[in-house]
Amino acid sequence: MTESTDIAALLAAYPALVPDPAIAAQRVAFGTSGHRGSALDTAFNEAHILAVTQGVCDWRSSQGIDGPLFIGRDTHALSEPALASALEVFAGNGVTAMADADAIGGRAGGFTPTPVISHAILTYNAGRRDHLADGVVITPSHNPPRDGGFKYNGPDGGPADTNATGWIEARANDLLAAKLTGVRRAAPAATPFDYVGHYVGDLGNVIDMDVIARSGIRIGVDPLGGAGVGYWAPIAERYGIDLTVVSATVDPAFGFMPPDWDGKIRMDCSSPFAMAGLIAMKDRFDISFANDPDADRHGIVTPSGLMNPNHYLSAAIDYLLDARPGWSATAGVGKTVVTSAMLDRVAAAHGRRIFEVPVGFKWFVGGLSDGSLVFGGEESAGAAFVRRDGSVWTTDKDGLILGLAAAEMTAATGEDPSARYRRLTATLGEPFYARTDAPASPAQKAAFKTLDTAAFAGSLAGDPVSAVTTTAPGNGAAFGGVKVATANGWFAARPSGTENVYKIYAESFVDAGHLARIQDDAQATMARVFATS
């Protein structure tokens, strides 16, 4: 049965329900992408946003950040009142908040994607040493319509690190406990900023828009009712490309979306269920793509169908490393520990090193900023890459340029990303990848903090184990789980932060049967570890 959201009740709950910070589920909690929750659960309400925004203001003061703050919102229902709350606090603290003119005026539109905020921060700060800018994006990403989200991006343009988010979270919860004493508010105010013109006008420096225009390829785009909805028509007009927005509908209930696998509405552009509409149109276009509501993720559809995110990342990296002579020959390719090892093989084929990090795009920020990385990608369909001259574009995920890169690849080579990926597997091997969940009690989840790597030695699916690690090879940071590798495959296990399960990521370069054996061995090994912990 499809889950629906009563938008009127949701919006009424936003100011009406007051969180009790003594209840863990009602406190501010920054995950990998900011604070998220629903007003209906007393987890994303006016008090939360007032407290978090004051926390951001206090963090800025403690760090000497006194430039403008770029702020945007997506199309979720809670994003609009949360923006109004945040602007009250920024005004009360004398922070110059830069917002889309339509978002300020309350007119239709004015939505701003996550990568556009990152791009604005970076271009403003370029060449500056003081009076630096930072930003906020009000979005719960692809989460259901009942949810809201609030995330902070620092002067480096990327998702804030745990030092910042931990500080802001603690300050916000102190303010909640003090019944908002210390929160400074004023009439909401913001300075208009032309996000669309600023971002769209710079696109030619990261994507070869001319080759797309000359080719005449037919491009289909579905914003999935998200913040990218106001960007595609200006892109098509400015660069003269044959691009059709298949739906410009914006509905805070996302009633136009087909339900995901479990009946919930999610704007997940990597899900074949959520992407059913665009998949049905695949023969109308040479290439088509979609984004989630804050446009930091991408879903690529070719005439062969929806691409697996790992497959597209492999094809995109392979193409871009060929097509970007301006990129540093010594710069590496970033991936998370649970992303396909196919990326390792593609990078090696181009003589590039792999920089493997824990889950979370924040780990790529430094490398994309200083040019030591040309690309950073996650298995969850999030990625970004540098400009054509090798300088930084965004330090947050950018689903807009990943879609346009698929169009550029198709235009420049006559080969769509699916075809390129099939050619890669013919030479580098074909991976079989899956992610599953297994039950885990709170005590078992806690056991991941004290894992004995010796328990994973021996063999995996009949192959000798070559490596066991609890830290990411690229930067040595703990990733909260364990990864076990052989010459023919690997698995990684990590506890869920919100459910009593642990996640098993597994991959085989043999066949589907071998993948199943890896998964079975992974669960059996974890069961033995839990039994002795």
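Trainee: In this predicted model, which residues of helix 15 do Met 342, Arg 345, Val 346 and Ala 349 in helix 12 meet?

Mentor: The contact of helix 12 with helix 15 is made up, by class, of 6 nonpolar, 1 polar and 1 charged residues. From helix 12 come Met 342, Arg 345, Val 346 and Ala 349, and the residues they meet in helix 15 are Tyr 421, Leu 424, Thr 425 and Leu 428.

Trainee: Are helix 12 and helix 15 roughly parallel or roughly perpendicular?

Mentor: Two packed helices are described by the angle between their axes and the distance between the axes. For helix 12 and helix 15 the axes lie 11 Å apart and the packing angle is about 80°. Angles of 65 to 115 degrees count as roughly perpendicular, so helix 12 stands to helix 15 as roughly perpendicular.

Trainee: How are helix 11 and helix 12 oriented to each other, and which residues of helix 12 are met by helix 11?

Mentor: Helix 11 and helix 12 pack with their axes 9 Å apart and at an angle of about 10°, and because angles under 35 degrees count as roughly parallel, these two helices are roughly parallel to each other. Asn 310, Leu 313, Ser 314, Ile 317 and Asp 318 are the residues that helix 11 brings to the contact, which by class has 5 nonpolar, 2 polar and 1 charged residues. Their partners in helix 12 are Met 342, Leu 343 and Val 346.

Trainee: Which residues on the other side of helix 12 are exposed?

Mentor: The buried residues of helix 12, which spans residues 342-349, are Met 342, Leu 343, Val 346 and Ala 347. They lie on the same side of the helix because they cover an arc of only 135° around its axis. These buried residues pack against several elements, including strand 13 (332-336), strand 14 (354-357) and strand 23 (501-508). On the other side of helix 12, the exposed residues are Ala 348 and Ala 349.

Trainee: Is Leu 224, whose phi is a positive value, buried or exposed?

Mentor: Most residues other than glycine have a negative phi. Leu 224 has a positive phi near 55° and is found in the loop between strand 8 (219-222) and helix 9 (232-239). Its relative accessibility is 2%, and since buried means under 20%, Leu 224 counts as buried.

Trainee: What is the relative accessible area of Leu 180, another residue with a positive phi?

Mentor: Leu 180 has a phi near 70°, although this residue is not glycine, and its place is in the loop between helix 6 (162-177) and strand 7 (191-192). Leu 180 is partly exposed, and its relative accessible area is 24%.

Trainee: How far apart in space are Leu 243 and Ala 170?

Mentor: Leu 243 is found in strand 9 and counts as buried at 12% relative accessibility. Apart from neighbours within four places in sequence, Leu 243 is in contact with Ile 219, Val 221, Trp 232 and Ala 236. Leu 243 and Ala 170 are 73 residues apart in sequence, and their C-alpha to C-alpha separation in space is 46 Å.

Methods
Residues are numbered from 1 along each chain as its sequence is written. This is a predicted model: local features need pLDDT of at least 70, side-chain atom pairs count only at pLDDT 80 or more; totals for chains, interfaces and linings use all residues. Side-chain values use heavy atoms; hydrogens and water are left out. Buried means under 20% relative accessible area, exposed over 50%, partly exposed in between (1.4 Å probe, protein chains only). Helices (H or I, at least four residues) and strands (E, at least two) are DSSP runs, numbered from the N terminus. The arc is that of the directions from the helix axis to the C-beta atoms. Contact means heavy atoms within 4.5 Å. Axes are lines fitted to C-alpha atoms, for helices over the stretch in contact, and angles run from 0 to 180 degrees between N-to-C directions. Angles under 35 degrees count as roughly parallel, over 145 as roughly antiparallel, 65 to 115 as roughly perpendicular and the rest as oblique. Ala, Val, Leu, Ile, Met, Phe, Trp, Tyr, Cys and Pro count as nonpolar, Asp, Glu, Lys and Arg as charged, and the others, Gly among them, as polar.
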